[in-house]
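I opened my notebook to go through a two-part question: how are the chains built, and how do they meet? Here is what I looked up.

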Amino acid sequence: MELTNNIIKHSNATEAAIQLVYHENQLTLVVEDNGKGINGNSNSGIGLKNVRLRVNFLNGSTDIDSGKNGTTIMIQIPFKEA
Amino acid sequence: MNKIKIIIADDHTLFINGLKLLLKEEPWIEVIDVANDGKELLDILTRTIPDLILLDINMPVLNGLDTARYIKQTHSAIKLIILSTYNEDHLVDKAKQVGVNGYLLKNSSKEDLLQTISLVMDNQSSFPYLEPKKENTFDKEDNFLKQFNLTKREAEIISLLKNNMTNQQIADHLFLSVYTVETHRKNIMQKLGLKTPVALMKFIIEKNL
């Protein structure tokens, strides 16, 4: 998976948490690490761009909160209950 | 007003003398006798009964805690304040079990001592603040995290919410954006099965997190 790969390859993090939370009408994926953060250049890297594209395709949103104390990526994907 | 009659029990002569000098300045206090160990103190108690005893923990022959236990059984009206070098949880706990009224560290100020004496004579008790037992709290927290599948970050946010911090304050504190804090908060509420922020606060208070 792209995001976990990023953590392993680039972040220098010692801890990470990946969770998928089911809400009433949306799915929230939260990927956190305590690494060095994403710098401006890689923010527009192919990997993350791909993630955004795929999330957009599902009408979802991608939010990245990144700083020197770590990165939190939140992906929300709406769904309608069948 | 009657003076408070005090006996000092300590095996260090200089300490006793210093304490006597300090207390001499207080018109409402009278040091009526001193003892150098627990047994000597018990001997004195057969002749004269003080209102309060300042008791050292570490004394030869009969130590402070054993002496205190005996005095509390035989002269329950006498107030006891332990004066100790040790700020150790187990000693404070033991002193409480024995039934002493106060526990004061020897590095306390004169004001602390006088305040403790007043409190104790006013039928209150005075003990050093004990840090909550770390292991237990940790276990409790750990169970709680597992029970509700909360992540470390979410637990962190819960503890900040408990301090009445706003999303913005929590965000600043954790170097996160407000949006991230809000997302965590929504996830926490979903995991705990709570619908409103009020319900979340209530939950935190009730579970005493």
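This is a predicted model: local features need pLDDT of at least 70, side-chain atom pairs count only at pLDDT 80 or more; totals for chains, interfaces and linings use all residues.

Residues are numbered from 1 along each chain as its sequence is written, chains are lettered from A and ligands numbered from 1 in the order in which they are written, and side-chain values use heavy atoms, with hydrogens and water left out.

**Entry: chain A.** I took helices (H or I, at least four residues) and strands (E, at least two) as DSSP runs, numbered from the N terminus. Chain A has three helices and four strands, and I read their order from the N terminus as α-β-β-α-α-β-β. Of its 82 residues, 34% are buried. Chain A exposes about 5200 Å² (Shrake-Rupley method, 1.4 Å probe), with 52% supplied by carbon and sulfur atoms.

**Entry: chain B.** Here I found 10 helices and five strands. Buried residues are 43% of the 209 in chain B. Its accessible surface comes to about 11800 Å², and carbon and sulfur atoms hold 51% of that.

Entry: I looked at strand β1(B), residues 4–9, which pairs with strand β2(B), residues 29–35, in the parallel sense over six bridges; pairing takes at least two DSSP bridges. K5(B) has E30(B) as its bridge partner in β2(B). Together with helix α1(B), residues 13–24, the two strands make a right-handed β-α-β unit: with the strands pointing away from me, the path from the first strand over the helix to the second runs clockwise.

**Entry: where the chains meet.** Contact (heavy atoms within 4.5 Å) takes 16 residues from chain B and 17 residues from chain A. The area buried between them, meaning the accessible area (1.4 Å probe) lost on being put together and summed over both, is about 1300 Å². Carbon and sulfur atoms give 45% of it. In chain B, Y179(B), N187(B) and Q190(B) lose the most area to chain A, together 34% of what that side buries.

Conventions:
Buried means under 20% relative accessible area, exposed over 50%, partly exposed in between (1.4 Å probe, protein chains only). Buried area is the accessible area (1.4 Å probe) that two parts lose on being put together, summed over both.
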